[in-house]
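Biologist: I am new to this structure. Please walk me through the terms and show what backs each of them.

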Amino acid sequence: MATKLSADVLGNIDHKPPKQGWMDTKPEFLPGTYLYPVNPESLKAIGAPGAREWNPTESDWKLPADWQGTIKAGIKDRLNRFRSFKLFMDICVRCGACADKCHFFIGTGDPKNMPVLRAELLRSVYRQDFTALGKVFKKMAGGRPLTEEVIKEWFYYFFQCTECRRCSLFCPYGIDTAEITIIARELLNLIGCQIDWIGTPVANCNRTGNHLGLQPHTYKENVEYLLDDIEEYAGVRIEPSFNRKGAEILFVTPSGDVFAEPGIFTFMGYLMLFEHIGLDYTWSTYASEGGNFGFFTSHETMRKLNRKMYAEAERLGVKWILGGECGHMWRVVNQYMDTLNGPATFLEKPKSPITGTVFDNAASTKMVHITEFTADLIKNNKLKLDPSRNDHLKVTFHDSCNVARGMGMFEEPRYVLQNVCNNFYEMPPQTTREQTFCCGSGSGLNAGEYLEMRLRGGLPRANAVKAVHEEHGVNMLSCVCAIDRAVFPALMDFWVPGVAVAGVSELVANALVMDGENEREYNLRGEEIPTAGDDDAGEEE
């Protein structure tokens with residue numbers, strides 16, 4: 001845990017590089033700065049190689065026999081399979097345009113968190129063993145041998161990259177360092193150097209369909225528990241269907257939405273929205289995880305987990321898929337689905353049964369984002385809304401990296417928020433939309449033992465929230481990603497106390513005027529809704 005972390009410590013981050021060369025500077029595995037290794041049983045469960053007990057703080061990592069041969073063969077294989085990987089290894093001119101764009105570099109001051117140098121950790125091995133210049137001139141050509149110390153360095157730093165791709169936005173050559181991190185993690189995965197917060201969720205997703213390992217009946221019971229809360233606070237009883245063949249739409253969302261705050265309030269928001277418009281949909285207890293944790297291990301595992309959603313859609317005979325508020329689910333669907341498992345020709349082009357809008361942008365994947373779907377409902381006047389119910393909130397919006405940079409969705413969530421909230425404020429423009437800063441815990445880094453590094457990585461985003469908190473009194477940070485909802489509460493508590501976190505769909509549900517509802521005295525959190533004239537009802541700017 002982050003026992004030594006304080007605002008004073010982070011306020012004095014030294015961004016000066018060490019005097020010795022980067023190849024001679026080794027990482028220190030201190031508590032709070034590294035992730036626990038994967039449970040070997042989780043690797044065995046999916047047939048992954050290198051399952052063993054090991055500890056990053058010990059000198060001997062018990063690497064498998066011929067681990068060097070495995071890594072080099074893995075690099076060769078990926079150079080042949082992925083043209084982008086080969087290009088990214090060759091075309092960097094070390095201009096440094098990416099250097100100060102990484103949230104981990106800003107929060108740690110560690111030069112190896114500059115994207116250019118993080119990539120160099122792998123590029124140096126590539127140069128030595130896969131280029132003619134490197135084979136002859138070795139270190140003079142920027143090459144270095146593959147040693148166990150290099151593997152330790154990879155493990156330390158490639159799990160300090162959240163694959164957010166902010167650096168790629170500023171690279172004049174278009175180098176996507178996240179793609180390099182993906183390959184580096186694949187290589188580490190070949191020798192069992194995986195982390196538990198990724199490896200065990202992958203095994204659970206493969207086994208039960210969600211990263212928590214919830215059994216189908218437990219998943220259903222969790223949902224039913226939330227139905228009771230909706231009835232208590234809104235006076236409306238909802239009866240969703242599960243695994244129902246013939247429904248028009250399959251709804252898939254991250255399983256984090258069904259078990260922990262504040263995600264459960266977003267989940268309740270989905271239920272109320274669907275009830276409000278009379279949507280013909282069903283949940284699946286088999287494809288009960290939208291988040292694709294395979295994305296952080298290998299392309300093959302990503303493909304396998306992505307396939308679950310589509311296999312279930314085909315089995316149930318739905319027309320198309322509606323997806324909840326998630327980050328990496330959407331990046332996988334938008335950027336990888338077509339070459340992994342698609343196009344999904346067995347489904348229909350998504351068409352809203354309420355408004356008749358055809359979502360041409362989802363013609364191939366057959367999957368529509370809930371926020372895009374909601375924005376269309378509002379635009380066509382299909383929702384009864386009372387935004388004054390959110391007047392006690394002063395709301396800002398965090399562009400989730402995978403939704404913003406990964407699929408280019410910038411305006412839809414803002415349109416929705418401005419229709420369900422009267423007090424909305426943007427964070428500084430250099431931190432929003434395509435330039436958004438990461439939450440600091442994406443790509444499977446949301447582990448408890450990693451809190452210090454998560455808080456450091458989240459510093460730039462927290463600074464932007466602090467700006468609108470101090471200027472406008474913002475007290476609610478909204479987002480459309482389950483990981484964001486999971487990690488932001490701790491980040492806000494540390495950096496910007498007084499700012500809560502909510503999914504966009506929760507704020508929509510607060511404003512929904514439901515048929516048959518009671519007099520809404522409480523929001524979905526069971527908090528009393530201030531009325532006009534109350535001290536807590538919010539003040540106009």
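Modeller: First, the ground rules. This is a predicted model, where local features need pLDDT of at least 70, side-chain atom pairs count only at pLDDT 80 or more, and totals for chains, interfaces and linings use all residues. Residues are numbered from 1 along each chain as its sequence is written, and side-chain values use heavy atoms, with hydrogens and water left out.

Biologist: How do you know where the domains of the protein chain lie?

Modeller: The bounds come from an automatic or database domain assignment. That gives domain 1 (20-194) and domain 2 (203-511). Their C-alpha centres are 31 Å apart.

Biologist: What makes up the interface in terms of contacts and buried area?

Modeller: Contact means heavy atoms within 4.5 Å. By that rule, 37 residues of domain 1 touch 35 residues of domain 2. Buried area is the accessible area (1.4 Å probe) that two parts lose on being put together, summed over both. Here the domains bury about 3000 Å², 57% of it on carbon and sulfur atoms.

Biologist: Why is the pairing of Glu179 and Arg331 called a salt bridge?

Modeller: The rule asks for a side-chain nitrogen of Lys or Arg within 4 Å of a carboxyl oxygen of Asp or Glu. Glu179 and Arg331 meet at 3.9 Å, N to O, so the pair qualifies. Across the interface of domain 1 and domain 2, the rule finds 2 salt bridges.

Biologist: Why is Thr297 called buried?

Modeller: Buried means under 20% relative accessible area, exposed over 50%, partly exposed in between (1.4 Å probe, protein chains only). Thr297 has 6%, so it is buried. Thr297 sits in the loop between strand E2 (281-283) and helix H14 (299-316); helices (H or I, at least four residues) and strands (E, at least two) are DSSP runs, numbered from the N terminus. Leaving aside neighbours within four places in sequence, Thr297 is in contact with residues including Arg185, Glu186 and Asn189.

Biologist: What makes a set of residues a nonpolar core?

Modeller: Its members are buried Ala, Val, Leu, Ile, Met, Phe, Trp, Tyr and Cys residues, joined through side-chain atoms within 4.5 Å. The largest one has 62 residues, and Ile71, Leu122, Ile151, Trp154 and Cys193 have the most contacts inside it. Helix H8 (residues 148-158) gives the largest share, 7 residues. Domain 1 and domain 2 each supply at least three residues to this core. Apart from it lies another core, of 58 residues, among them Ile230 and Phe242.
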